[in-house]
Amino acid sequence: MNFIEFIQLLLRNKKWIIAFPIITGVAVFFLTRNMPHTYSSEMVIYTGIASGYNFNSDAEGKIDYHEANSKFDNLINTITSKETRKVVALRLLADLINHPQELNRVVTKLMLERFEWLNDSSALTKVRGASEAATMQNLSAQILQGSQNPYYQLLYGQYANPFNLSTLNTIKATRIGFSDMVKVEYTSEDAFITKKTLDLLAEVFLQKYKGMRIGEVSSVVKYFEEQTALALARLQKAEMILKNFRTTNRLINYYEQTKYIADQKEDYDQRESQLQ
């Protein structure tokens, strides 16, 4: 087929060539117009695991990559752990309960029909406290009542919502190359929820991570304190034995008396030699 024949083919099928893109575009528009918008965000956390100073750092600056990788795995597992997600969910819910207007907007925008009771201010009176921390404590007490509790269903139920642990399981944490940076990503249908969730996750994780590092340092300090106390006890015991020995044998000063005896023996040997 030459170029002229190709042009003729296009002209014979020009209706389909024009109609197919239009039909495809219209179909895509109608099929996707009701799909919810999603908002993605990410944050980068500096850990200091590989390049930071620690008790194992030596003068040559050698890095145990196996140990570093293990620490990164532990750190990433901490970020995505169920306990971390639970704390983030409770704090997010407590924050919104203490801000009813924002909570109503989220429930309405995300079309959470099963959780419309969250728009009823009187239904939240039992758990709303004077502060976010007080509200979070009340929520924790409600969840302990079991699966029939509505707040338990929010966190552990099968229906998706911003506070559900399965929804928060979409949080992704990955190490950036071979650096000390960890990137955390999250996507939801509301920009405020996306940002707030990441902010709370950063606070919860950093608090846990600091506790882990402080715990490591405290363990090392405690070890040296215990060894110092043991060495001091041994030293005091040795001093007590020496003191008792001096008292029993009437030794005023061992070194001076030894020197005196040596001098006396030398004089005696010299005198004996002269007499002989």
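The accessible surface of the chain in this predicted model amounts to about 19600 Å², and carbon and sulfur atoms account for 58% of that area. Of the 276 residues in the chain, 25% are buried. The chain contains 10 helices and 3 strands, arranged along the sequence in the order α-α-β-α-α-α-α-α-α-β-β-α-α. Among the contacts in the chain with a separation of 6 or more, 67% are made by residues 24 or more positions apart.

Helix α4 comprises residues 82–97. Its 16 residues should span 22 Å at 1.5 Å a residue, and this agrees with the 22 Å that separates its end C-alpha atoms. Because 13 of the 16 residues of α4 are buried, this helix is largely enclosed by the rest of the structure. The largest nonpolar core has 48 residues, and α4 gives the most to this core, with 9 residues. Within the core, the residues with the most contacts are Y151, F163 and V184. For F163, when neighbours within four places in sequence are left aside, the contacts are A89, L92, L93, L96, L103, L118, L154 and L155.

Charged side chains were examined next. The count of salt bridges comes to 8. E203, at 41% relative accessibility, counts as partly exposed.

A salt bridge is also formed between R105 and D190, whose closest N and O atoms are 2.9 Å apart. R105 is located in helix α5 (residues 100–109), whereas D190 is in the loop between β3 (181–188) and α9; the pair therefore ties together parts that are 85 residues apart in sequence. R105 counts as partly exposed at 31% relative accessibility, while D190 counts as buried at 2%. The R105 and D190 pair is part of a network of salt bridges that links E102, R105, K109 and D190.

In helix α10 (residues 254–275), K265 and D269 lie 4 residues apart, about one turn of the helix. These two residues form a salt bridge in which the closest N and O atoms are 3.2 Å apart. K265 is exposed, its relative accessible area being 54%, and D269 counts as partly exposed at 35% relative accessibility.

Technical notes: Residues are numbered from 1 along each chain as its sequence is written. This is a predicted model: local features need pLDDT of at least 70, side-chain atom pairs count only at pLDDT 80 or more; totals for chains, interfaces and linings use all residues. Side-chain values use heavy atoms; hydrogens and water are left out. Helices (H or I, at least four residues) and strands (E, at least two) are DSSP runs, numbered from the N terminus. Buried means under 20% relative accessible area, exposed over 50%, partly exposed in between (1.4 Å probe, protein chains only). Contact means heavy atoms within 4.5 Å. Accessible areas come from the Shrake-Rupley method with a 1.4 Å probe; for residues, only the protein chains shown count as cover. The expected span of a helix is 1.5 Å times one less than its number of residues. A salt bridge is a side-chain nitrogen of Lys or Arg within 4 Å of a carboxyl oxygen of Asp or Glu. A nonpolar core is a set of buried Ala, Val, Leu, Ile, Met, Phe, Trp, Tyr and Cys residues joined through side-chain atoms within 4.5 Å.
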